[in-house]
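Q: Could we go through this structure together? Please begin with the terms.

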Amino acid sequence: MKVIVVKDYNEMSAVATDIMYDVISNKPDCVLGLATGSTPEGMYANLVDLYRAGKLDFSKVSSVNLDEYYPISPDNDQSYRYFMNTHLFDHINIDKAKTHVPDGMATDADAACKAHEDTIDALGGMDIQVLGIGQNGHIGFNEPCDEPVPFTHQEQLTESTIKANARFFESIDDVPTRALTMGIQSILKARKIIILASGKSKAEAIKATLKDEPTPRCPASLLYAHPDVTVICDEDAYSLCK
Ligand code: GLP
C-alpha cells in the first residue's frame, strides 16, 4: 500500500480531491465508489466547489456506495442515501438515476445485496473506491471477524461501531444494529482504492492496517492484496506507525 502522510484533515481532503479530480477528468463516464462518514465530507465539499467553478462535470458519472444501514428509510437524515444527496449529489450535475446506494428499505435484504453486487458488475467495477476506516479497522461495514463474507451482504454491527456512530443519532438506541455492505471482494473490484484517515481515534486501525500482519480482525489490512491502494492519513492517524 502506498502511504501519504499529511499535516491535518484539510490537507488529507485536498490530496483526496486531487486524486478524484484526475479520475473524473480523465474518464468523464467513470464509476465512483463512494463512502460516507465524517472523514470524506471535506473531499465532497471540495468536489462541489470544483463543480461550481466549472472545473468538473459529473453528467456522465455513475456511482456506487459502499453501504447503508438496514432497515432505514432514504428520508431518514442518518441514512447514507440522505448523506450522499445532501453532501454531494444535490449540489452537482450527476444523474441521480446513476447513483446506487444499497436499498435500506428492501423487504428482502439478501435480494437487495445481490442487486447491489449485480449493479457493480454491470457497471464494470469502480474506477476508484473511496474508503474511510472504522476505529476497529472496519471498511464499509465489514466488521472484524474470522471469515469475511466476500460480496455485498447483511452485517450485524459491533458494539464499537454502534458506539462510534451514536454521535450522529439522538440516542444510542436509535443506531441501527444492521447494515448492508459491499464485501472485501466487492471493494477489490475497484481499479484504484484510496483510504482516508484523520485523527488519533484512527491511529490503532492505521497501525494494524499498515504495520501488522493482514488479518480479517482488521478488515482494512486485507486490501494489501490490491495493486493500487493509497492510504492518505494525517499525522495523528499515522502517529502509532512511527
Ligand atoms: C461508518 C461507515 C464507514 C466509515 C466509518 C468511519 O461505520 N460505514 O464507511 O468509514 O464509519 O466513519 P467516520 O469517517 O465518521 O470516522
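A: A salt bridge is a side-chain nitrogen of Lys or Arg within 4 Å of a carboxyl oxygen of Asp or Glu. This is a predicted model, in which local features need pLDDT of at least 70 and side-chain atom pairs count only at pLDDT 80 or more, while totals for chains, interfaces and linings use all residues. Residues are numbered from 1 along each chain as its sequence is written, and side-chain values use heavy atoms, with hydrogens and water left out.

Q: How many salt bridges does a search of the whole structure find?
A: The search finds eleven. In one of them, the side chains of Asp127 and Lys27 meet at 2.9 Å, N to O.

Q: Where in the chain are Asp127 and Lys27?
A: Asp127 is in the loop between α4 (109–122) and β6 (128–131), and Lys27 is in the loop between α1 (9–26) and β2 (31–34). The pair links distant parts of the chain, 100 residues apart. Helices (H or I, at least four residues) and strands (E, at least two) are DSSP runs, numbered from the N terminus.

Q: What lies 2.7 Å from an oxygen atom of the ligand?
A: That is a polar side-chain atom of Ser38. A polar side-chain atom of Arg167 lies 2.9 Å from a ligand oxygen atom, and a polar backbone atom of Gly140 is 3.1 Å from a ligand nitrogen atom.

Q: Which peptide bond is cis?
A: The bond from Tyr70 to Pro71 is cis, with omega near -10°. Pro71 lies in the loop between β4 (67–70) and α3 (80–87).

Note on methods:
A polar contact is a pair of N or O atoms within 3.5 Å; within protein, one must be able to donate a hydrogen and the other to accept it, and residues adjacent in sequence count only if both atoms are side-chain atoms.
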